[in-house]
Amino acid sequence: MSKNRKWVVIFLTPGLLLFAFAFLSSVVVLFTSSFMSWSIGSDISFTGLSNYIYLFTKDEGFIKSLYNTLIWIVLQATLHVVIGTGLALILAKKRWYSNAVRTIFFIPNIISSAALGMLFLCIMNPQFGMVNNLISKITGEAFHQNWFMDPKTAFLAVTMTWLPYAGLVTILVIAEMSSISDEIYEAAKIDGASSFQTDLYIVLPLMKNIIGTATVLAATSMLQKLDIIMMTTSGGPGDRTMNLPMYLYRTVFTNNDYALANTQGVILSTLGIVTLLSIRMIYKMDKEE
Amino acid sequence: MKIKLRKALALLVTLTLAASATACSKPSTQTKDSEVSSVSEDQASDAAEEVKEIKEPVEISYATFMVGAHASAAAEKEVIDAFNQEYEGKIKVVIEELPSDDAYVNKMKTLAASKSLPDVVMGKNGIRELAIANGQAVDILPFLTADADWSAYVGEGAIDYNKTDDGKLYSIANQQQLIGYFYNKDMFEKTGITPAKTWDEFMSNNEKLKAAGFTPLALMTGENAWTTNLWLAAMIGTDGETGKEFMNTTYPDTYNNTSVVNGLTMLQKCLQDYTTPDAIGAIYANAANNFLQENTAIIANGPWMCPDFSDVTKAKEGLQDRVGVALYPNNGIIAQYEVGYVLCTNGKSQEEQDAALEFLKFKTNKFAQGVFLEKAGALPLTPNVPISDEYKAANPIVADLIKLSGEAEYSFGNIDNNAYSSVVAEFSIRYPELAFNDITAEDMATSLTKAAELNK
C-alpha cells in the first residue's frame, strides 16, 4: 500500500506542479486583482469589493451580458442536448442514411468558429444571403431582413449559429448506446415494448451519465463563446448579443480596465463551477445506479 | 516479477518524458559547459562573438496592417524595401503583418499590456496612449529639433497636432488627411443634381437619387463605422462654431449636445432610407465595393481611395472618369494629421534605440511621403514635399480635392482620431439600434457619453 502511494506521488507530482505554475497561479492573479484597481499606466491599488459592487449595481452592460449568457446556457443544456440525443436515437437504428447524416451533422463541429461565423454572415446577408433569397423566392417579393443587426432578430440569429448543431452530443450518445447489450433490446421486444417505449424507458435511463456529460460540455461551451459573436455582431445591436466573454474582452481592449475584466473573469469562472455542479446534481452523475 | 518489470518500464517512460521536456534547456547547458572550458578557448570565443556582433545588423521590430489588399500596401512595401536596401547589413526590420486594422489594434493593445510593443508602431485608436502609459514610448521632439532636414519635411503643423499637454511629442505622422466625399458624376447628371451646398439640399439630393433608382450613400457601421462617422463628423463640424469646436476637441467627455444629436438624427434617416440593405453591420470593404461597383452614388473617404477607382480588379472599368470630389455641405472638410508612428524603445539598448529612430525618420521623410503620395494617394505633410504638376495631371481627383480644401469654411477632425477608443467601439453597436428605431439620437448621444466615461 505504501509502495503504491509512493508511485502515486511520483506520477502525480509533475502534473500537479504544471497545474500549479500554469493554471493555479493565473487563478490566484485573477482572483486577487479582482479586488484592485488596475489599468495600464496607473498604479495598482486595493479597492475591496468595489469592482463586484459596481458590476452588479451600476454596470447595465454586464447585467445584460450575464443574462444573455445564462439564457444561452439554459438553451444549450436543454434544446441542444435534446436535438443531439433525439438524432442519436434515430441514427442508432442503423438505417441506410445513418452514416451519411451523422457525418453531415458533425461538420459544423469540425469547422473553426471564425470560419463558421463568416459562413453565417454570408448565409444571412441582407443583400445576397441564401436565407433572404429563399424567402424572396417563396413570397415573390424582395426580402432584405438584416438578421444579425435588427434588434428584433439578432439574438435568435446568433443563437441559430450553434444551437441546432449538436453533432458532438449525437456522437457521444451513439458511442454509449453501442455498449447496450442486444439482450436488453430483445427482452424489451418480447415484453411487447414498442421502439419508442424502448428508447424512452430503457435506453434513455441507461444513457443518463453520457447525456449528463454532454450537457456539461454543451452548457460550459457557452462560457467560452467569443469568436463567433465577434465575427457576426460584436455583441450588438446595443448589447443584445453581448455575453460575458465578449464583455470581458471589451472591458480589456476598449476600456483598458484590467481589474474590472478580471472581476468578470472570476464571476465567469464561478458561473462555470455552479453550472457544472448543478448539472451533476440534476443528473445525479456521481451516484451509481 | 511481471509487476516489477511493469514498474521499471513505467519509470523508464517517465524518465524519457522528463528528458524530452528538458531538451529545450540544452542551450543553457551548453553555455555552462563553455564556462568550464579553458581560458584561451573563452578568449577565442569572445573574439569571434565580437566579429559576429560587428557583422550582424541590429534587429528592430515593426508591426503593420498595410498588407494584402490594403490601399497603402504597395507604398508600405516600397518604403520598407528601400529602407532595407539602404541599411543592408546595419539594420534589419523584422515585420509583423496583421491582416486588418482591427486585428492590428487588438494585437497592439495586448502587447501594450505586457510592455512588449514592437519598436515602431502606428499609434492609432489609443495605442499611443497605452505606449505612453506603459512607459515604452519615447519623446521624439528632441530628435526632431536636432535634425533640421527631418523637421522641415514633417512640419510644424504635424508636430503641434500630436504634442501632448506637457509639450512632449510621442508620435509623428507621414501624411495629412484631407477628407471630403466622392460622388458618381453619371448618377448625379442623370438625376439632375449637383453636390449639395447645404444639409437640406444634401437630404433632398438623396431623395432625388433614390427616386431615380440609385442608392445614394455607401455607409457601413461595422469595425470603426468609418464612412458613416465621416458623415457624422461633417454634420457636427459644419454646425456653426460650436460644432466646429467640438469636432476639433480631442477626447471629448460628453456627446450630449445639440450638434451631435442633430447629426445623429440626420444620419438615422440616411441609414434607414438612403443606403444599401447590407450597410448596417457592414465593414469598410462592403461600403467601398458598393461605390466602386457603382451600386451607390456617394462615399465619404480620403484621397487614398483614388488609386482604387482605376483598379479594374476592384472597380468598374473607367470609373475614375466618372468620379468627382466635393466638400461637405456648408463648405466643410475633414483636415487633420494622422496620429502616426510611435517610437517604443524606452529602456532598450542604445543601438536598438538609434536603429528604430533611423527607421522612424525614414518612414516619415521626403522619400516615404512621396511614395505614399504616388502609390496610395496620401497627401504629404508640408509643401517641402511638393506635389508635381505631372502627379496632379495624372490624379485630377486629388488635385481637385487639394484645390477645394482652400475654399473650405469649416475644417475639423474625424471621430476615429478624436474620440476615445471606447467611444469608437460604441458607435458600431449603437448605430444598428439607431437605424432600426430602437433608440433615439438623444439616447445614442448618452450612450456615447457613458462609453467615454468608461475609458481608462
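This is a predicted model: local features need pLDDT of at least 70, side-chain atom pairs count only at pLDDT 80 or more; totals for chains, interfaces and linings use all residues.
**Entry 1: chain A overall**

I began with chain A and listed its secondary structure: 14 helices and two strands. I then looked up the extent of the chain. Along the principal axes, the C-alpha atoms of chain A fill a box of roughly 80 × 75 × 30 Å. Of its 289 residues, 43% count as buried. I also checked the contacts in chain A with a separation of 6 or more, and 65% of them are between residues 24 or more positions apart.

**Entry 2: two helices of chain A**

I picked one helix pair to look at in detail. Two packed helices are described by the angle between their axes and the distance between the axes. The crossing of helix 3 of chain A past helix 4 of chain A is left-handed.

Which residues make the contact between helix 3 and helix 4 of chain A? From helix 3 of chain A I wrote down Ile83(A), Leu87(A) and Leu91(A). From helix 4 of chain A I wrote down Ser98(A), Val101(A), Arg102(A) and Phe105(A). Sorted by class, this contact of helix 3 with helix 4 of chain A has five nonpolar residues, one polar and one charged.

**Entry 3: a cis peptide bond in chain A**

I looked up the bond between Gly236(A) and Pro237(A) and found a cis peptide bond, with omega at about -5 degrees. Pro237(A) sits in the loop between helix 12 (227-232) and helix 13 (244-253) of chain A.

**Entry 4: chain B overall**

I turned to chain B and listed 23 helices and ten strands. Chain B has 456 residues, and buried residues make up 50% of them. Among the contacts in chain B with a separation of 6 or more, 74% come from residues 24 or more positions apart.

**Entry 5: nonpolar cores**

I looked up the largest nonpolar core and found that it has 95 residues. The residues with the most contacts inside it are Tyr104(B), Met108(B), Leu117(B) and Ile172(B). The element that gives the most to this core is helix 14 (residues 258-282) of chain A, with eight residues. Another core lies apart from it and has 87 residues, among them Tyr181(B), Ala233(B), Trp304(B) and Leu404(B).

I followed up on Met108(B). Leaving out residues up to four places away in sequence, Met108(B) touches Ala63(B), Leu98(B), Leu117(B), Pro118(B), Val121(B) and Ile127(B).

**Entry 6: the loop between strands 7 and 8 of chain B**

I checked two residues in this loop. Asn330(B) lies in the loop between strand 7 and strand 8 of chain B. Its phi is near 70 degrees, a positive value in a residue other than glycine. Asn330(B) has a relative accessible area of 26%, so I marked it partly exposed.

Asn331(B) is also found in the loop between strand 7 (323-326) and strand 8 (332-337) of chain B. I marked Asn331(B) partly exposed because its relative accessibility is 32%. How far apart are Asn331(B) and Glu407(B) in sequence and in space? I noted 76 residues in sequence and 7.5 Å in space, C-alpha to C-alpha. Not counting residues up to four places away in sequence, Asn331(B) touches Glu407(B), Ala408(B), Glu409(B) and Tyr410(B).

I found Asn437(B) in the loop between helix 22 (421-435) and helix 23 of chain B. Phi of Asn437(B) is near 60 degrees, which is a positive value in a residue other than glycine. Asn437(B) counts as exposed, at 55% relative accessibility.

Is Thr449(B) buried or exposed? Thr449(B) lies in helix 23 (residues 441-454) of chain B. Its relative accessibility is 9%, so Thr449(B) counts as buried. Apart from residues up to four places away in sequence, Thr449(B) touches Asp253(B), Thr254(B), Tyr255(B) and Asn256(B).

**Entry 7: Asp149(B)**

I ended with Asp149(B), which is in helix 8 (residues 148-162) of chain B. Asp149(B) is exposed, with a relative accessible area of 55%. I also looked up its separation from Thr276(B): 127 residues in sequence and 48 Å in space, C-alpha to C-alpha.

Definitions and conventions
Residues are numbered from 1 along each chain as its sequence is written. Chains are lettered from A and ligands numbered from 1 in the order in which they are written. Side-chain values use heavy atoms; hydrogens and water are left out. A crossing is left-handed if the near helix is turned anticlockwise from the far one by less than a right angle, and right-handed if clockwise. Helices (H or I, at least four residues) and strands (E, at least two) are DSSP runs, numbered from the N terminus. Contact means heavy atoms within 4.5 Å. Ala, Val, Leu, Ile, Met, Phe, Trp, Tyr, Cys and Pro count as nonpolar, Asp, Glu, Lys and Arg as charged, and the others, Gly among them, as polar. Buried means under 20% relative accessible area, exposed over 50%, partly exposed in between (1.4 Å probe, protein chains only). A nonpolar core is a set of buried Ala, Val, Leu, Ile, Met, Phe, Trp, Tyr and Cys residues joined through side-chain atoms within 4.5 Å.
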